Amino acid sequence: MLQILFDALSLGSLYALGALGIALIFGVMRLVNFAHGDVIAFCVFALLWPSTDAMAIVFAGQLPWYLLVPFVLLCGAGLSVLCEIVVFRRFRTGNPATMMIASFALGFVIRYFLLMLFSSRPKSINLLPELSQPIEIFGARLPLLQLITIIVTMLILLGLTLFLRRTRFGLEMRAAAENFSMARMLGVRANRVIMGAFALSGALAGAIALIFGIQTGTADIQMGAAIMLMAFIATVIGGLGSLAGAVLAGFLLGAASVIMQVMLPIDARPFRDAFVYGAVILVLLFRPQGLISARGTKERV
Amino acid sequence: MSLLALSDITVRYNRLTAVRDVSFSIDEGEILFITGPNGAGKSSLLRAIAGVTPVAGGRIDLAGHEITGQAPENIARLGFSMVPEGRDVFGSLTTEENLLVGTGMHARDRGWRSRTAGELEAVYATFPMLKERRHGQAGLLSGGQQQMLVIGRALMTNPRLVAIDEPSLGLAPNINDQVYERLIALRAQRQLTLLIVEQSSARAMMVGGRMILMRGGQIVLDGDARTLGSGEAIQAAYFGYEDH
């Protein structure tokens, strides 16, 4: 029982962090950033030395954890901000569909860049092996990593909430997310807020990359796409633009996946994802605006 | 020298020309009403000054700087504060947070923190009900309270010129009177320059000051509100009749 709970929470954590990264950017510039998943993949590969060999040459990944973590977060934030400056800034006044297509294209550029440097074969990496040790809590044996994932996610969520609620930059970001042009008329600098959102989103991608990389022990250029899909669904269910909704929906999706894995009859288990997506459709049928609708995206009447 | 000067401003939305070759200027301390029927281009003109709608032609100067084509956040820094139509309260933020959004641009100035606190108290003194609801969600305030909040929010930026787009929209007449009462008092208190857009000229006649009447994207009348308002010229201009 405890095992299921922890599985659900740790999977949900990944989805929630991913959804948050998408919702943050959607909030300030109405962009669904499909390149987000590839930023995640980039962060994992940032730990390796470029080579097309089957064997991974771990490079930055050998750093001790207190250097490794900031390094990955910075990689994510840096790439994300770079994407904003080089690509998204040009499309800011364009329509949202154009920006979305641009984000698709950018995602492919990043993915093929990785492909060129590292080849498409998944590589096995062994990061911070000490985290894979199981520990015993209340009679259940859990991988230490799962516990750390959950704790770290909670800390990130808490930190982000404090940042948004208590700092001036957070205030400006929330104002901009709700009504961008009004915020600008009050002197809020558009570039600063958008770059801030991209940096945060990129750092979140870095966090996911670390957790996922350690968890699966592989570096795969496709790995971001899998999380990205779930994270995107979570942002939609949560109500596009609503950060709390994205987090909530992320955890719900994680829980749904794990619970169905356990509860479904053995024969149906291979089709688990179909059931999860079915549940998604049901939720959207009853709440098309998402669980928590973001006020800022409402049409004015 | 005038605080704000527009010369030959044209605003287009695709092929629709909303404002055509409009020129006028406002002196420091002046109160100027821009009136005119729906679709006269009043709001487009304000949005163009604020920098949120691009200008297709002409030149705008504010406080000695050319601001044509500048970003809204830079125009705000020169002392132009806008209260847009429909108020645009940040509904998910608290009342106090709404008031504080616009204070960040002076955050590097010396004594900013104490001045912001002082401004906040001054706004609360003018609008006591805002203080009562300071930690409540701004989206839950009534229309009149929201109108006061956005005026307060504009004042918090320490502006030289406040532009207000249709403060009467959707407000009961007695609430509207209150809003204007406060506005006039504030103007006297702070030597504010006011640019107010209203559909009807009735308010301009009551308050006094200068009035510009727009129709079809152009200025048709410009003069003293009380003199203009009482004449027949205004009706002719407003409805587009020709004099016989």
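1. Let's start with one pair of residues: Thr10(B) sits across from Gly57(B), which belongs to S4(B). A word on terms: helices (H or I, at least four residues) and strands (E, at least two) are DSSP runs numbered from the N terminus. Keep in mind that this is a predicted model, where local features need pLDDT of at least 70 and side-chain atom pairs count only at pLDDT 80 or more, while totals for chains, interfaces and linings use all residues. Residues count from 1 along each chain as its sequence is written, and chains are lettered from A and ligands numbered from 1 in the order in which they are written.

2. Now the sheet around that pair. In chain B, strand S1 (residues 4–13) and strand S4 (residues 57–62) run antiparallel and are joined by five bridges; pairing takes at least two bridges found by DSSP. The open sheet has four strands, ordered S2-S1-S4-S5 (chain B), with antiparallel pairing. Strands S2 (16–26) and S5 (65–66) of chain B are at the edges with a single partner strand each, so one side of each has no neighbour in the sheet.

3. Over in chain A, take a look at helix H8 (residues 190–216). Its 27 residues reach 38 Å from first C-alpha to last, close to the expected 39 Å (1.5 Å times one less than the number of residues). H8(A) is mostly covered, with 20 of its 27 residues buried (20 or more other C-beta atoms within 10 Å of the residue's own, C-beta atoms being placed from the backbone). Next comes Gly217(A), with a positive phi near 70°.

4. Finally, where the chains meet: 24 residues from chain B and 19 residues from chain A take part in the contact (C-beta atoms, placed from the backbone, within 7 Å). On the chain B side that touches chain A, H2(B) gives the largest share, four residues.

How values were computed
Buried ≥ 20, exposed ≤ 12 C-beta atoms within 10 Å, placed from the backbone. Contact = placed C-beta atoms within 7 Å.
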